[in-house]
Amino acid sequence: MTASTTYGLTKCPVFALEPERLEEFVPEAAEWRALVAITARVRSLLEGHAVLAISARSRSGGLAEHLQSIVAYSRGAGVDARWGVISANDDFFRFARLLQDNLNGEGDGCAYGDAERRLYEEQLAPACEALTELLVPGDVVQLHDAPTAGMIPAVKDAGAYAIWNCRRGSDVVNEPARRVREFLAPYTTRADACVFSRPQFVWDTGCSGRGHVIRPSVSPLSPKNEELGAVSVSAILAAAGVQPGPSTGEALFTRLDGSPGRVDRNVQLLESGPLEPGTDVILQVSQWNRLNDPATVIDWFADYLASRTAAHLMLAGPDLEAVADDPRAPAILEHAIDRLRRLPDALRARVHLATLPADDPEESAALLNALERRSAIVMQQTRGGGFGMTVLESMLKRRAVVCSRVGAFKDYVTDGVTGFLRDPDHPEGLADAAMQLLADEDLRERMGAAAEDRVRRHFLLPRELADWASLIERLLADTASTGSRDYR
């Protein structure tokens with residue numbers, strides 16, 4: 001199936017997965033029974049109505065991958081779950097990226113005036129029109145992140161429930177964060193509920209009294225997280241050109257729908273060669289943006305770590321075609337390439353800059369799975385901590401992690417137990433933590449085991465599905481008892 005575009009909204013193909021596949025990942029039988037029961041209640045309350053997820057991206061990034069799983073398991077539970085992606089011009093996405101950065105308390109200052117509001121609303125208008133044609137009163141619409149917040153009034157005017165999900169946030173509300181909240185408040189005040197990934201991210205204005213916290217999770221059976229043995233890891237990386245070796249026919253993975261998949265496409269290694277077998281690897285996987293600035297990570301490795309270890313650094317991110325909605329990504333990546341070219345030859349050979357193919361998102365996910373399992377430690381040096389899915393995914397794979405002490409990483413990582421948290425403004429501290437792990441394999445194994453246990457107990461998909469079901473049940477049940485959907 002291929003996605004179809006109508007006006008300003010792309011309807012993404014979706015399929016159904018049986019929720020029973022997830023039962024083995026629920027620690028307690030009582031928790032599984034509770035999930036089954038609340039799913040049945042929500043399915044009954046939703047009879048004749050749909051749940052629609054709307055996002056700004058369908059191919060790359062943690063949210064897109066996550067929505068695919070959530071929608072699939074919701075459909076498998078008997079819910080009419082759908083997924084749509086907005087389309088707009090480059091000016092809109094450039095502005096939307098600034099909104100996202102400002103929500104993190106980062107980025108350039110922005111003139112949130114009449115011209116910016118006109119651009120935002122005019123570019124969203126076709127998507128609003130296409131969405132309202134799909135809605136009937138009583139449907140539930142989940143609108144994800146700043147690019148979709150402007151659609152809330154259209155959803156409400158159509159008689160549907162509007163839930164706005166904000167993955168971004170800042171522990172300290174500085175001037176950029178305050179101004180973007182004020183810009184979005186006329187839309188978010190009309191939402192029935194506003195969902196945030198951390199209690200510290202909940203707004204005190206614009207969502208007053210309707211803020212909810214739903215922590216992110218990882219899907220244990222997705223191609224990015226399925227178990228892979230050492231032979232499969234080596235075969236996948238060899239097939240992708242990441243490390244030398246013949247194609248053995250073992251470069252296989254299981255797609256989300258249960259069908260077989262094989263890695264055929266090459267990773268593009270920029271200004272660098274493949275990894276040699278046996279080399280310790282420090283891996284950072286992230287989008288090409290200013291918060292994760294790859295050039296800064298290269299500087300960190302060159303200035304604070306390279307002379308202390310024989311390990312290599314690998315920075316991996318999406319092919320630029322997969323992030324066409326971020327017009328600044330090419331410049332960020334080019335800056336990293338330029339920084340890599342300036343390193344001395346011997347050091348440059350130890351830094352690997354890779355973009356993953358965008359043609360098949362599940363194949364790309366399998367590649368990342370193999371890269372994470374191949375790595376000695378996983379880094380996340382960044383100035384922003386939204387969902388931070390790479391950290392959770394790596395922890396599930398028993399990787400010890402070293403992260404900047406920002407945002408959601410403070411919820412995921414227990415410092416000194418499941419990994420290390422360090423101040424992003426003190427790169428020497430990040431380097432010391434990395435060295436401690438590189439020098440002590442037993443410590444890596446202990447932290448990796450503790451990390452896996454933490455994710456399995458608190459951050460797997462069944463728990464998040466239950467949280468969303470609970471919120472939707474509350475909204476629908478309140479309406480049933482009061483006869484009103486006015487949550488303004």
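A residue counts as buried under 20% relative accessible area, exposed over 50%, and partly exposed in between. I start there because the residue I take up now falls in that middle class: glutamine 436, at 40% relative accessibility, is partly exposed. Please keep in mind that this is a predicted model.

Glutamine 436 sits in helix H14, which runs over residues 427-438. Setting aside neighbours within four places in sequence, its contacts are Phe420 and Leu443.

Next, arginine 463, in helix H16, residues 461-482. Is arginine 463 buried or exposed? Its relative accessible area is 19%, and the limit is under 20%, so arginine 463 counts as buried. What does arginine 463 touch, not counting residues up to four places away in sequence? The partners are Ile214, Arg215, Pro216, Ser217 and His458.

Last, helix H4, residues 114-134. H4 has 21 residues, and from first C-alpha to last it reaches 30 Å, close to the 30 Å expected at 1.5 Å a residue. Where does H4 bend? The bend is at alanine 125, by about 40 degrees, and proline 126 follows within four residues.

As for burial in H4, the buried residues are Tyr120, Leu124, Ala127, Cys128, Ala130 and Leu131. An α-helix has 3.6 residues a turn, so residues three or four places apart point the same way. With that in mind, look at the buried set in the structure, including Tyr120, Leu124 and Cys128.

Technical notes. Residues numbered from 1 in each chain as written. Predicted model: local features only at pLDDT ≥ 70, side-chain atom pairs only at ≥ 80, totals over all residues. Heavy atoms only, no water. Helix = DSSP H or I, 4+ residues; strand = E, 2+ residues; numbered from the N terminus. Expected span 1.5 Å × (residues − 1). Bend = angle between axes of the 7 residues up to and from the residue. Buried < 20%, exposed > 50% of the residue type's maximum accessible area, 1.4 Å probe, protein only. Contact = heavy atoms within 4.5 Å.
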